[in-house]
Amino acid sequence: MDNKYQEKLEGLLRQKNKEISLLMAGIRDITSSLDKEYVLTQIIKNALTVIPNGETGFLMLYDPSIERLVPKTAVGFNQKINHFTTKIGEGITGKVFEDGKARIYDTNSKIYQDMSNLSKENFDILHASLSDHFNIRTAIGVPVSVNKERIGVLVVHQFNSVCKLSMDDVKILQGFADQAAIAIQNARLYSEVKVRLHEITKLSEQLREKNEFLQKRNKIHETLTEFSLKNQGVENIINEISRMIDSDVYFMSYLENDYYPMKIRKRPPLSINEIMLISVGDKKSKYFDVFEEGNSESYYVYPIVNGSIFLGSFIVSNHPPLSKLAKVTIEQGAALLALELIRKQTLTEIQYKKTREFFNDILENKDEDYLQQKGNELGLNVSDYLFCVIFQTPQQDDVQKLETTMHRLISMIKKIMSNVDFVIYATNNQVVLLLSTSHPDTHKVVRNNLDMFVKDWITVEKTPCQIGIGNLYKGIIHVKKSYREAEKALTYLVSHKKSGVMFYKDMGLNRLFLNQDSREINVFIQEVFEPLKSEVAKRNELEETLVTYISMNKSVNATAKKLHIHTNTLYQRLRKVEKLLNIDFNNTEDTLKVQLACHMMETFNKST
């Protein structure tokens, strides 16, 4: 690995670990107190520490009594901000609260666009609260939710910083907001406990129990936070949650298409695809029963999400029934696990970027010694047979969802390619795979595996998947050729709007027409078949007769049998076809022209 690139990679890793440390420090600060006012005051201060590119910000909570979002704490604003209250759907805060989706704005014009429905009063208040400057450069708004119920919105702004707020900042701020929500809820509940202790002496025992519950809840959060601060990883977090609730806990990772813990104590109750079908559509916690060998077992499923992105699900036995504290443990564990998964995903993206750069070097360089060196760096046997495979899924407007889909796709591909050497990376909505093997038959095995993979993908993801495969070649010098062939096979599937797998070598004549203008193809088909479109020709079924005759390889007996007519009738029809088209079936050039027209009509028209 290049030393400069290694240093760059290590720098990125240090930066990510620093961000995680800041995030955890901020979380520990706001969860260290149960004083509601202190918690609310510290949230925005710590948010701007977690997102160092942010310069101002505020936290607004929803007040159902007036049906407005109300500022609770702000940094960078004067006291006038306290009069800034918005309806659901009004301005940036109202929109984020209404649909629960995080938003990032990279220009001042986009910010004003989403603020266009602010009332004049609110618009004037917001301007006045920022004193002399209102030239916001970038901004992020994320929902603050407790148990899937939105309670407010957290917003940070940037005015003059060199480094713009990014999608990574959105992920981190959303994770912080989820933790802040827990702290707000804890502080709110604790405040209720204190009030009731003073007001209702008859409920002292009940309040004592609630106080104990809150302390246990806080202890749970502290324990899991410490676990995450020590970078214990997903496996250990799952095992710790299992220990804390004294029950087997499974985690189905959507990104990796696998179960945790890796060393399963016993077989999970349902397959990954079954859990996916239960969780993806409706991201709410639920119970379900599994019937096996006459017995019924109840399980609790708790989906884990970051913003609108589905990351996976906890699956926990509900026998005996889960206590309230156990559910709290799972809920708080889910928030911390989401942060760990985001961190892991970020590191993986860095590795994919490195692989993509190496692979592009292979495609662009013609020096065989250099190619062999790069191939060895990627862990490939450069003297073996090599070939390329390109996967494509539908493009998505939501960048986070697209990245998540690509990570999941790569995880599934790695499983079905476990017996071959390969390198893999994602770019936009495509995954590129370069495989090396000493066995030429591997080409066919990969095809069979991919056929089954596409069926499973469509069943679970409800979206198409197209896969182009290039030819197998000996030596790394031919990788570029196999890659271009895979591109052409993929283009064929996309242009014909088909899901599935296409070998370049199976495209046959279609290779000749891949880059042909569709209008020219239509003109050619029309020129050949137009004389057979008249009413007389239709009554004599001449077009069907011609197409069937060509498909039967000009066999008179087979064609007559297929059309259920006498051979003499067929001969008569064929003479009429020859006359109308001005061709002779005994002429090789005429026959080739008709055969091409029939083939193109069948393959092209089916796709349009």
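Let's start with one tyrosine: Y370 counts as partly exposed because its relative accessibility is 24% (buried is under 20%, exposed over 50% and partly exposed in between, with a 1.4 Å probe and protein chains only). Y370 sits in helix α11, residues 368-377 (helices are DSSP runs of H or I with at least four residues, strands are runs of E with at least two, and both are numbered from the N terminus).

Leaving aside residues up to four places away in sequence, Y370 touches D361 and N365 (contact means heavy atoms within 4.5 Å).

## About the model

This is a predicted model, where local features need pLDDT of at least 70 and side-chain atom pairs count only at pLDDT 80 or more, while totals for chains, interfaces and linings use all residues. Residues are numbered from 1 along each chain as its sequence is written, and side-chain values use heavy atoms, leaving out hydrogens and water.

Strands β12 (residues 421-427) and β13 (residues 430-437) pair in the antiparallel sense over 7 bridges (pairing takes at least two DSSP bridges between two strands). Within this pairing, I424 stands opposite L433 of β13. The hairpin has 2 residues between its strands, and N428 takes a positive phi near 55 degrees.

## Where α10 meets α12

The axes of α10 (residues 324-364) and α12 (residues 399-416) come within 12 Å and cross at roughly 70 degrees (axes are lines fitted to C-alpha atoms over the stretch in contact, with angles from 0 to 180 degrees between N-to-C directions). That makes α10 roughly perpendicular to α12 (65 to 115 degrees; under 35 is roughly parallel, over 145 roughly antiparallel and the rest oblique). Q345, T348, E349 and Y352 of α10 make the contact with E403, T404, H407, I410 and K414 of α12.
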